[in-house]
Amino acid sequence: MTAVSERPAMPTPPNDTLPQGDTCAILRNRLTDRLLAAGHIRTPSVEHAFRTVPRHAFAPEVSAEKAYADDTIPTRHAPDGHVSSSISAPRLQADMLEAAHLRPGHRVLEIGSGGFNAALAAELTGPTGTVTTVDIDAAVTERTTRFLKATGRPSRARSGSGLGYDLSFDAKGLVTRLQSLYTS
């Protein structure tokens with residue numbers, strides 16, 4: 001297991017200095033407006049997180065239009081070609097974050113690391129909260145760490161089973177547990 005970062009989560013302003021900054025800001029706001037209209041975003045804090053965190057920074061392999069579509073983005077494939085890791089669809093992430101009721105100061109454990117959801121959770125938990133994201137695939141956590149750092153959203157990304165970590169969290173298994181609601 002590799003501990004990558006031990007700093008607390010903290011909200012930061014949007015990073016639109018990345019390529020296509022103006023276009024990405026427009027697309028990010030349009031996506032947020034659609035999620036609001038559809039009822040997936042229901043609170044000002046989740047709306048702020050979606051308007052602030054640059055999803056395209058976590059999906060550089062796709063166009064800005066695809067990054068801000070309400071769809072899953074595959075980020076890693078198994079040798080047989082099946083998707084082994086992805087960034088969840090924004091509507092699912094909004095629903096999960098709304099259900100988790102994250103607040104400043106919360107400690108969050110995310111199981112299944114894609115980066116974007118950890119960045120959203122870090123925005124919601126603020127500088128006094130922490131977000132730890134784990135994945136069994138070290139390549140996934142290395143990717144997550146790189147993108148979190150590039151967007152100024154520190155959190156803890158770790159590879160392994162998650163066993164042996166301090167499990168005193170306010171929201172555990174944010175992704176895994178809540179995704180099961182949509183696949184049941």
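Just after helix α4, His101 takes a positive phi of about 50°; helices here are DSSP runs of H or I with at least four residues, strands are runs of E with at least two, and both are numbered from the N terminus. The model is predicted, so local features need pLDDT of at least 70 and side-chain atom pairs count only at pLDDT 80 or more, while totals for chains, interfaces and linings use all residues. Residues are numbered from 1 along each chain as its sequence is written, and side-chain values use heavy atoms, with hydrogens and water left out.

**Burial of α4**
- Eight of the 11 residues of α4 are buried, meaning under 20% relative accessible area with a 1.4 Å probe, protein chains only.
- Among the buried residues are Pro90, Leu92, Asp95 and Glu98.

**Packing of α4 on α5**
- Helices α4 (residues 90-100) and α5 (residues 116-125) pack at about 35°, with their axes 11 Å apart; axes are lines fitted to C-alpha atoms over the stretch in contact, and angles run from 0 to 180 degrees between N-to-C directions.
- Gln93, Met96 and Leu97 of α4 meet Phe116, Asn117, Leu120, Ala121 and Leu124 of α5, contact being heavy atoms within 4.5 Å.
- Gln93, Met96 and Leu97 are also buried.

- Strands β1 (residues 73-77) and β2 (residues 83-87) pair in the antiparallel sense over four bridges; pairing requires at least two DSSP bridges.
- Ile73 stands opposite Ile87 of β2.
- Five residues separate the two strands of the hairpin, and Gly81 in the turn has a positive phi of about 95°.

Key: Buried means under 20% relative accessible area, exposed over 50%, partly exposed in between (1.4 Å probe, protein chains only).
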